[in-house]
Amino acid sequence: AVVSTQSTGYQHDKYDDSNHDVSFAANARAANVFMYTVNLKYHGHLKRMENYTNTNTHNDLWQIFINPVDWKLNYIHPSYDKYATKLRHQFPQPCTDVFHFPLLSKKFSWHIIHEL
């Protein structure tokens with residue numbers, strides 16, 4: 001319906017054959033048709049690879065500052081976030097001023113052992 005309201009018609013030869021969506025969007029914008037799209041499904045994230053090395057056994061272990069999202073997903077304990085918001089007196093204490101909470105995952109432990 002959007003394409004048929006255009007006075008100039010649908011022009012598909014402006015872009016190559018693999019960009020039908022770009023061609024459609026360009027024609028809709030030319031006809032002043034407002035388009036709103038939203039993607040609520042999480043498809044992942046981009047990984048920064050410019051400083052990524054492959055010299056170690058577990059290369060992601062050394063990417064804490066370059067790819068912090070991946071590092072947190074792989075190496076921070078899943079229940080760490082629950083403890084990050086607690087107050088000091090809410091932490092389990094095996095003895096005075098010694099606090100017990102999960103910080104790093106078992107995967108981190110195995111990877112650091114293999115690196116050493």
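Reader: Which residues does S105 touch, not counting residues up to four places away in sequence?

Author: Contact means heavy atoms within 4.5 Å. By that criterion S105 touches N74, Y75, I76 and H77, with residues up to four places away in sequence not counted. This is a predicted model, in which local features need pLDDT of at least 70 and side-chain atom pairs count only at pLDDT 80 or more, while totals for chains, interfaces and linings use all residues. Residues are numbered from 1 along each chain as its sequence is written, and side-chain values use heavy atoms, with hydrogens and water left out.

Reader: Where is S105 found, and is S105 buried or exposed?

Author: Helices (H or I, at least four residues) and strands (E, at least two) are DSSP runs, numbered from the N terminus. S105 is found in the loop between α3 (80–84) and α4 (106–115). For burial, the cut-offs are under 20% relative accessible area for buried, over 50% for exposed, and partly exposed in between (1.4 Å probe, protein chains only). S105 is buried because its relative accessible area is 9%.

Reader: How many helices and strands does the secondary structure of the protein come to?

Author: The protein has four helices and zero strands, and its pattern along the sequence is α-α-α-α. Of its 116 residues, 20% count as buried. In α1, the residues S23, A25, A26, N27 and A28 are buried. Just after α1, N32 takes a positive phi of about 60°.

Reader: Which residues make up the largest nonpolar core?

Author: In soluble globular proteins, nonpolar side chains tend to be buried together. A nonpolar core is a set of buried Ala, Val, Leu, Ile, Met, Phe, Trp, Tyr and Cys residues joined through side-chain atoms within 4.5 Å. Here the largest one has five residues: L61, W71, Y75, I76 and F108.

Reader: How many aromatic pairs does a search of the whole structure find?

Author: Rings of Phe, Tyr and Trp (its six-membered ring) pair if their centres lie within 6.5 Å; planes under 30 degrees apart count as stacked, over 60 as edge-to-face and the rest as tilted. The search finds four aromatic pairs. One of them joins Y80 and F101 in a tilted arrangement, 6.4 Å centre to centre with 40° between the planes. Y80 lies in helix α3 and F101 in the loop between α3 and α4, so the pair ties together parts that are 21 residues apart in sequence. Y80 counts as partly exposed at 25% relative accessibility, and F101 likewise counts as partly exposed, at 35%. Ring pairs also link W71, Y75 and F108 into a cluster.

Reader: Where is the place of Q63, and with which residues is Q63 in contact beyond its neighbours within four places in sequence?

Author: Q63 is placed in the loop between α1 and α2. Q63 is buried because its relative accessible area is 3%. Its contacts, with neighbours within four places in sequence left aside, are N51, Y52, T53, P68 and W71. N51 is also found in the loop between α1 and α2 but counts as partly exposed, at 44% relative accessibility. Under the same exclusion of sequence neighbours, N51 is in contact with Q63 and I66. The C-alpha atoms of N51 and N67 are 9.9 Å apart in space, and these residues are 16 apart in sequence.

Reader: Which residue forms a salt bridge with D81?

Author: Side chains of opposite charge can pair when their charged atoms come close. A salt bridge is a side-chain nitrogen of Lys or Arg within 4 Å of a carboxyl oxygen of Asp or Glu. A search of the whole structure finds one salt bridge. D81 forms a salt bridge with K72, and their closest N and O atoms are 3.5 Å apart. D81 is partly exposed, with a relative accessible area of 42%, and K72 is partly exposed, with a relative accessible area of 42%.
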